[in-house]
Amino acid sequence: MPWGLHERLWPLKYIIFLALFGISLTSLALAEQLAEIEPFKTAIVLRFMRDWWFVAFALLLIGAGLFIERFFCRYLCPLGAALAIPGRLRMFDWLKRYRECGSPCLRCYHECPVGAIHPEGHINPNECISCLHCQVLYRHDRKCPVVIQKRLKRERRAGTAGRGSGAGAGDAPGLAGGELPPPPRLSDRQERTPEQPAPETVGPGPGRRTQKEH
Ligand code: SF4
Ligand code: SF4
């Protein structure tokens, strides 16, 4: 789903929640009927054994969910909207981001299962379901370009130190004692190229980054 449309559909669930809440203040019975927008009673409690329009509505939502992951939760669930409100009072911002998130790296933006990460890199905590996938990526030394760079630097340092100590001890083949180790070969760097992130995950982000590395 395009980001613009996705962002415009987000408020729907808050509107539904506020409407249900308002109606419940005047008529609890009507609010209970309208709460049937949640298909769980039809699908789970009554196992589709009820009037056809309830079944059709539940099947429609299930069908939408086949093409858009968690369609109902993302755009329609009034309970999710209600729970997002106390979520704003959180004390810690424990979902970590790098300066590079969003510009140039878009991997987490593409891989978040509910689209809670903006193209600019920051996370919308109201939409986040705390699956922690972006935090796995944040530390992944084969997928996150920032961690890949740190790992490659570490490996280069370790390789250089290893060759240096070997030369000093005079036991490295082909090196006389005190001779400096050779610089890294071009082929070494070429061998590492496939470990760089896939090109489609790294590219100029559509906006400026807004959060700093924690
Ligand atoms: S993969 Fe790393 S740099 Fe890229 S968006 Fe995720 S945490 Fe940020
Ligand atoms: S924790 Fe999961 S849902 Fe939340 S922003 Fe990260 S990937 Fe998205």
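Trainee: Which residues are the closest around ligand 1, and how many surround it?
Mentor: Keep in mind that this is a predicted model. Ligand 1 is surrounded by 13 residues, and the closest are Cys-101, Cys-105, Arg-107, Cys-108 and Cys-144. They count as near because a C-beta atom placed from the backbone lies within 6 Å of the ligand.

Trainee: Which helices supply at least two residues each to that shell?
Mentor: Those are α8 (107-111), α9 (133-138) and α10 (145-169). The largest share, three residues, comes from α9.

Trainee: How do you know how the shell around ligand 1 divides by residue class?
Mentor: Cys counts as nonpolar and Arg as charged. Sorted in that way, the shell has ten nonpolar, no polar and three charged residues.

Trainee: What surrounds ligand 2?
Mentor: Here, too, there are 13 residues, with Cys-112, Cys-128, Cys-131, His-133 and Cys-134 the closest. This shell divides into eleven nonpolar, two polar and no charged residues.

Trainee: What makes up the secondary structure of the protein?
Mentor: Eleven helices and zero strands.

Trainee: What share of the protein counts as buried?
Mentor: Of the 214 residues, 13% do. The label requires 20 or more other C-beta atoms within 10 Å of a residue's own.

Trainee: And what share of the contacts between residues at least 6 apart in sequence join residues at least 24 apart?
Mentor: That share is 58%.

Key. Residues numbered from 1 in each chain as written. Chains lettered and ligands numbered in written order. Predicted model: local features only at pLDDT ≥ 70, side-chain atom pairs only at ≥ 80, totals over all residues. Helix = DSSP H or I, 4+ residues; strand = E, 2+ residues; numbered from the N terminus. Buried ≥ 20, exposed ≤ 12 C-beta atoms within 10 Å, placed from the backbone. Contact = placed C-beta atoms within 7 Å.
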